[in-house]
Each structure stands twice: as structure tokens, then as C-alpha cells.
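Here's a quick tour of a structure, written up for someone who likes contacts and angles. Have the viewer open and follow along.

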Amino acid sequence: MPDLIKIKQRIYRNIEAGRFDAVITQLDKVLRKSPADAELWFLHGAASGQLGNYDAAIRSLHKAVSLNPSNLEACANLGLAYIRSAKYPQAIETYRALLDKSQSYPGAHFHLGYACLASGNIMDALTYLKDAIRLQPQNIEAYVYLVKALMSMGLPREALQTVQKGLMIDPDRRDLLILGASQHMELGQLREAGVKLDRVLAAE
């Protein structure tokens, strides 16, 4: 297809401009002529995800990964589309495959930990969320979900320690303050719970 490079350039310009409907329209046409182009399937999946069409995103990203297994970004996006669709077993399988290829891929441990927690696999969630924090110490979301995993295990002291570490990064993080207050109450520490709840109210 002689003009494929120019077509891709127009597609990327539309992506940069946030015109994802136009991107999908362009890609639907060009993929009929170039169905073996992994990059085009990846772009179709990414644009579909941006539009909230996760079923289409999954189909296109799965095709992109099957055509080019070395495209780690496509694999990561596929895992995220599974999470957004609440298809947690598939997300777990996808992110584990990604980590087999790259142990330090940004965000992979966090999303894998999140999917494990959502599917009730608390022990694996603890492992992956701790790894996420080790690899990206400023990832405040990882602290939030690690606290929830620890709470699910009935470990209020460990949960509180994690809350405190997270609050060192973002002292006004509302959900961490509320989670911390609940664990103080679990331990009968009513004054400390009140302090955190006061901070929540002060931030509103």
C-alpha cells in the first residue's frame, strides 16, 4: 500500500489532536487493505479504549499482540482494557505475560496487583502492589490498594503503616485519610481516627 506512511502520519496527527472518532474511521478503512499491520491494530485498539469502547479495544489489541508479541505497549494496553471491562482473569494473564517479557515495565505490577485484588486473590495482590511501590515509590494509587489488600487480610497495623507512608507523599489524600481513620477505629484508637477525619473535613 504505497501511501501507508502518509496515512499513518494523518492518523497520528488525529491522535495528537484527540480526534479518536476520526482515527477509528481512518483505521477501519486502511485495515481492510492492510490486515496484517500490527501497528494499525494497536492504534485502533488504543483509540477504541480512549472512546470507552473496551470490547473493540480488546479485539484490536489482541490482534496487535498476536501479530507483534514484542509490542509491550500493546500488551499493557490490552491488560488495561480487560481491567476496564472488569475481565480480571484475562487482565491477570495478560500482565503476567507482560512481566515475563519485562520485569520492570512501568505500571504492570500495579495493574496486576489491582486485578488480583479485584478478583479476590489477596496474597498475589499484596506481592504485586508491594513490588509496584518498590519500583515506583511515588505511585500513590499503589498505596491505596495495598492498604485495601491489608485490610482484607485483617491486618490493621500493617494497613496503618502503609497509610502513613502514602500520606508522606500526599498528606491530603482523602481516601487514605478515611482508610486510616477506619483502621484507627478498628484498633480502638478513637483520638487518632478523629484527627484524620478532621483533616478530611478541613480539605473539603
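## His109 and its neighbours

Setting aside residues up to four places away in sequence, His109 touches Leu99, Gln103, Tyr128, Leu129, Asp131, Ala132 and Leu135. Keep in mind that this is a predicted model. His109 sits in helix α7, and it counts as buried because its relative accessibility is 4%, which falls under the 20% cut-off.

## The α7/α8 pair

Helix α7 covers residues 108-118 and helix α8 covers residues 122-135. The two pack at an angle of about 160 degrees, with axes 8 Å apart. That angle is over 145 degrees, so α7 and α8 are roughly antiparallel to each other. As for handedness, α7 passes α8 in a left-handed crossing.

On the α7 side, the contact is made by His109, Phe110, Leu112, Gly113, Tyr114, Cys116 and Leu117. On the α8 side, the residues are Ile122, Asp124, Ala125, Tyr128, Leu129, Asp131, Ala132 and Leu135.

Now for helix α11 (residues 174-186) and helix α12 (residues 190-203). Their axes come within 8 Å and cross at roughly 165 degrees, which makes α11 roughly antiparallel to α12. The crossing of α11 past α12 is left-handed. α11 brings Arg174, Leu177, Ile178, Gly180, Ala181, His184 and Met185 to the contact, while α12 brings Leu190, Glu192, Ala193, Lys196, Leu197, Arg199 and Val200.

## Helix α2, inside and out

Helix α2 runs over residues 20-33, so 14 residues in all, and reaches 20 Å from its first C-alpha to its last. That's close to the 20 Å expected at 1.5 Å a residue. Its buried residues are Phe20, Val23, Ile24, Gln26, Leu27, Val30 and Leu31. What covers the buried residues of α2 includes α1 (4-16) and α3 (38-50).

Take Leu27 as a close-up: leaving out residues up to four places away in sequence, Leu27 touches Ile11, Leu40, Leu43 and His44. Asp28 is also in α2, but this residue is partly exposed, with a relative accessible area of 34%.

## The nonpolar core

How many residues does the largest nonpolar core have? It has 62, and those with the most contacts inside it are Ile11, Leu27, Leu40, Leu98, Leu112, Leu129 and Leu176. Helix α9 (residues 140-152) gives the most to this core, with nine residues.

Some of those names have come up already. Leu27 and Leu40, both in that group, touch each other. Leu112 of α7 and Leu129 of α8 take part in the contact between their helices.

## Ile169 in α10

Last stop: Ile169, which lies in helix α10 (residues 156-169).

Neighbours within four places in sequence aside, Ile169 is in contact with Pro137, Gln138, Ile140 and Tyr143. Of these, Ile140 is 29 residues from Ile169 in sequence, yet the C-alpha atoms of the two are 7.2 Å apart.

Note on methods: Residues numbered from 1 in each chain as written. Predicted model: local features only at pLDDT ≥ 70, side-chain atom pairs only at ≥ 80, totals over all residues. Heavy atoms only, no water. Helix = DSSP H or I, 4+ residues; strand = E, 2+ residues; numbered from the N terminus. Expected span 1.5 Å × (residues − 1). Buried < 20%, exposed > 50% of the residue type's maximum accessible area, 1.4 Å probe, protein only. Contact = heavy atoms within 4.5 Å. Core = buried A, V, L, I, M, F, W, Y, C linked by side-chain atoms within 4.5 Å. Axes fitted to C-alpha atoms, helices over the stretch in contact; angles between N-to-C directions. Parallel < 35°, antiparallel > 145°, perpendicular 65-115°, else oblique. Left-handed = near helix turned anticlockwise from the far one by under 90°.
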